[in-house]
Structure formats: C-alpha cells, structure tokens
Amino acid sequence: MKTLHELVADKLERADGATREALLRIPLDNIERWLANGHTAPHRLEQWRQMVRRAQASPEGFQELLALLRDDREPTQRLKDFAPFAGVLTREERHQAVSECAYHF
C-alpha cells in the first residue's frame with residue numbers, strides 16, 4: 001500500500017516539466033501562507049522550502065525530494081508531519097487513494 005506522500009512523489013515523477021514546476025509551486029505557496037499565519041513549526045517549513053527549491057534547481061535535488069517523500073524511516077516521518085503538499089493531489093486522486101493508502105505513525 002502506498003502512503004499519500006508516495007502518491008505525491010509518483011505524481012511529481014510522472015509530470016512533464018511545466019506541470020512539475022506548477023506542482024512544486026503548490027508547497028511553496030502553502031509554506032508562505034502557513035508562515036504568514038504563524039505556523040507553530042516554522043523551522044520544519046523552512047526545511048521543506050529548501051528541499052523543494054533544490055528540487056526545482058536540479059535533477060539531483062528533485063531525486064532527493066522523491067526519495068524523502070518515499071522514505072518511511074522514523075526521522076523522515078517527523079518531518080513529513082509538516083509536509084506542505086496539500087493541494088498537489090486532486091480530490092479524486094485522494095479519494096481513490098484512501099483505500100490504497102496506509103497511515104503511518
């Protein structure tokens with residue numbers, strides 16, 4: 001079973017260049033909005049911002065982001081608790097995935 005983070009990684013990986021850039025803009029916009037609203041973990045959001053920017057800047061950075069989204073180890077799970085990828089998957093993709101996804105603590 002795939003997690004929602006893995007499904008985000010799959011969608012990013014399948015996307016063409018222009019679509020990928022638009023999809024990566026979503027977490028950056030979320031980060032800006034959440035920080036402006038006083039998010040309780042700005043350091044985590046800054047970590048995500050740097051990772052997404054690296055993903056935009058180079059193929060290596062993009063592969064690092066995909067690997068992080070697919071990583072299920074404990075240190076990564078804590079960071080993913082603050083993942084800014086809301087809106088990358090469509091409502092239909094989320095609904096279709098609910099029965100296929102596993103929730104990780």
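1. Buried here means under 20% relative accessible area, exposed means over 50%, and partly exposed is in between, with a 1.4 Å probe and protein chains only. Leu-45 sits in helix α3, residues 42-57. A helix is a DSSP run of H or I with at least four residues, numbered from the N terminus.

2. A word on what you're looking at. This is a predicted model, where local features need pLDDT of at least 70 and side-chain atom pairs count only at pLDDT 80 or more, while totals for chains, interfaces and linings use all residues. Residues are numbered from 1 along each chain as its sequence is written, and side-chain values use heavy atoms, with hydrogens and water left out.

3. Not counting residues up to four places away in sequence, Leu-45 touches Ile-31, Trp-34, Leu-35, His-39 and Phe-82; contact means heavy atoms within 4.5 Å. Take Ile-31 from that list: Leu-45 and Ile-31 are 14 residues apart in sequence, and their C-alpha atoms are 6.1 Å apart in space.

4. Trp-48 is also found in helix α3. With a relative accessible area of 0%, Trp-48 is buried. Leaving aside neighbours within four places in sequence, the contacts of Trp-48 include Ile-31, Leu-65, Leu-68, Leu-69, Leu-79 and Phe-82. Trp-48 and Phe-82 are 34 residues apart in sequence, with 8.4 Å from C-alpha to C-alpha.

5. Now look at helix α2, residues 17-36. At 1.5 Å a residue, the 20 residues of α2 should span 28 Å, and the end C-alpha atoms are 29 Å apart, which agrees. The expected span is 1.5 Å times one less than the number of residues in the helix.

6. Which residues of α2 are buried? They are Leu-23, Leu-24, Pro-27, Leu-28, Asn-30 and Ile-31. These cover an arc of only 145 degrees around the axis, so they lie on the same side of α2; the arc is that of the directions from the helix axis to the C-beta atoms. An α-helix has 3.6 residues a turn, so residues three or four places apart point the same way. Helices α1, α3 and α4 are included in what covers the buried residues of α2. On the face turned away from the buried side, α2 carries the exposed residues Ala-18 and Ala-36.

7. Both ends of α2 deserve a glance. At the start, a side-chain oxygen of Asp-16 reaches to within 3.2 Å of the backbone nitrogen of Ala-18. After the helix comes Gly-38, which has a positive phi, near 80 degrees.

8. Asn-30 is a polar residue on the buried list, with a relative accessible area of 5%. What does its side chain pair with? The side chains of Asn-30 and Arg-33 are joined by a polar contact of 2.5 Å, and a polar side-chain atom of Asn-30 lies 2.8 Å from the backbone oxygen of Ala-86. A polar contact is a pair of N or O atoms within 3.5 Å; within protein, one must be able to donate a hydrogen and the other to accept it, and residues adjacent in sequence count only if both atoms are side-chain atoms. Not counting residues up to four places away, Asn-30 touches Pro-84, Phe-85 and Ala-86.

9. On to the charges: the structure holds ten salt bridges, each a side-chain nitrogen of Lys or Arg within 4 Å of a carboxyl oxygen of Asp or Glu. One of them joins Lys-11 and Glu-93, with the closest N and O atoms 2.8 Å apart. That pair links distant parts of the chain, 82 residues apart: Lys-11 is in helix α1 (residues 4-14) and Glu-93 in helix α6 (residues 91-98). Lys-11 is buried at 15%, whereas Glu-93 counts as partly exposed at 26%.

10. Another salt bridge pairs Arg-49 with Glu-32, the closest N and O atoms being 2.0 Å apart. Here Arg-49 of helix α3 and Glu-32 of helix α2 are 17 residues apart. Arg-49 is buried, with a relative accessible area of 9%, while Glu-32 is partly exposed at 39%.

11. For Glu-64 and Arg-54, the closest N and O atoms of the salt bridge are 3.7 Å apart. Glu-64 lies in helix α4 (residues 59-70) and Arg-54 in helix α3, so the pair ties together parts ten residues apart in sequence. Finally, salt bridges that share partners join Lys-2, Asp-10, Glu-13 and Arg-70 into one network.

How values were computed: Helices (H or I, at least four residues) and strands (E, at least two) are DSSP runs, numbered from the N terminus.
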